[in-house]
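Have the model open beside you as you read.

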Amino acid sequence: MKVIGHEREKALIRKYILQNYDSLSLLYEGKDCIGKKLIALYTGRLFLCDKKEDFGCGECNDCRLVNNLISNVYENESLTPHPNIMLIQSKNKEIKIDQIREAINFLTIKSQKGKVLIIEKAENLNTESANALLKILEEPPLNTLIILTTSNQRLLLPTIVSRLKKIRFRKLSNEEINDILSQKISNIKIVESIVSISEGSLCIPMTIMNKENIYNLAKSFYDLVVIGKHEEGLISLSSNIEKLDSEDIVIFFDIIFKLLTKHFRNNVEVLEKFINEYKFSLLSLKKGVKKKLVLENLYFTLTK
């Protein structure tokens with residue numbers, strides 16, 4: 001899997017790895033869905049690779065095992081992963097003490113190759129797990145690489161942040177997002193439409209690719225608002241969105257928000273009205289108002 005973008009960040013990471021610290025702890029901070037976890041895995045590959053080429057030669061046994069892990073994570077494979085890399089992810093939006101205890105045991109078992117610990121979304125550490133992690137960061141075992149990823153370092157304990165070398169990841173450019181999506185979607189117009197609302201990350205594009213039907217519904221609503229009143233189309237659309245579950249309806253309205261915010265950006269008065277109505281719509285949904293009624297109210301407010 002190719003990493004697109006983040007050339008400045010990758011150069012800085014290589015500089016740190018090649019300095020051959022006794023142990024190294026890094027913090028990757030930046031928006032969600034911009035590739036921090038994937039680059040962390042490739043950083044682990046570089047750390048474990050004997051040749052230290054690029055982000056690992058990709059050919060030695062260590063690199064092949066890391067490649068297996070990457071395939072497991074991103075393609076749901078069941079290949080043999082590298083035994084010296086541990087990836088910790090949140091369980092129900094929380095990283096628990098048992099996970100960190102397991103990680104500490106993993107790091108303290110010596111290995112000639114070294115050990116790599118990656119903690120994704122480290123802002124989800126609870127109080128117990130954060131304090132346990134702090135202890136290992138204060139005195140990390142020799143020949144270990146610890147990487148934390150986060151969207152906001154201010155959500156981490158300052159004492160944890162102070163023990164990490166920080167690398168701030170920039171947003172992806174529209175060109176980089178276009179290159180990534182073009183590998184997965186053949187329709188150029190759809191790619192261009194998705195890129196226009198991506199806001200520098202792959203969160204919305206990934207959602208759209210996984211739930212294309214929701215994007216199509218949101219785009220249909222956008223077309224109705226922009227083209228003008230078309231009550232037959234609205235009735236059909238309202239019927240369909242009533243079937244969406246609570247998670248999908250949030251995604252539906254989020255895509256609508258991004259599409260219409262972009263469309264109204266040069267009309268301050270209409271944009272302000274839309275944002276207010278959008279907030280009111282979300283509040284109505286939380287109160288249990290029927291989805292179709294919320295959508296119809298938003299439509300008639302914007303088109304009257």
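In this predicted model, Cys33 and Cys203 are joined by a disulfide, with a S to S distance of 2.1 Å. The count for the structure comes to 1 disulfide. If you look along the S-S bond of Cys33 and Cys203, the torsion is about 90°, so this disulfide is right-handed.

Where do Cys33 and Cys203 sit in the chain? Cys33 lies in the loop between strand E1 (23-29) and helix H2 (36-48), while Cys203 belongs to helix H9 (residues 203-210). The two are 170 residues apart, and the pair links distant parts of the chain. Cys33 is partly exposed, at 26% relative accessible area, and Cys203 is also partly exposed, at 28%.

Cys57 is in no disulfide, and its nearest cysteine sulfur, in Cys60, is 3.7 Å away. For Cys60, the closest cysteine sulfur is that of Cys63, at 3.6 Å, which is too far for a bond.

Are Cys57 and Cys60 buried or exposed? Cys57 is buried, and Cys60 counts as buried too. Here are the accessibility values side by side:

| Cysteine | Relative accessible area | Class |
|---|---|---|
| Cys33 | 26% | partly exposed |
| Cys203 | 28% | partly exposed |
| Cys57 | 16% | buried |
| Cys60 | 19% | buried |

How values were computed. Residues are numbered from 1 along each chain as its sequence is written. This is a predicted model: local features need pLDDT of at least 70, side-chain atom pairs count only at pLDDT 80 or more; totals for chains, interfaces and linings use all residues. Side-chain values use heavy atoms; hydrogens and water are left out. A disulfide is a pair of cysteine sulfur atoms within 2.5 Å. Helices (H or I, at least four residues) and strands (E, at least two) are DSSP runs, numbered from the N terminus. Buried means under 20% relative accessible area, exposed over 50%, partly exposed in between (1.4 Å probe, protein chains only).
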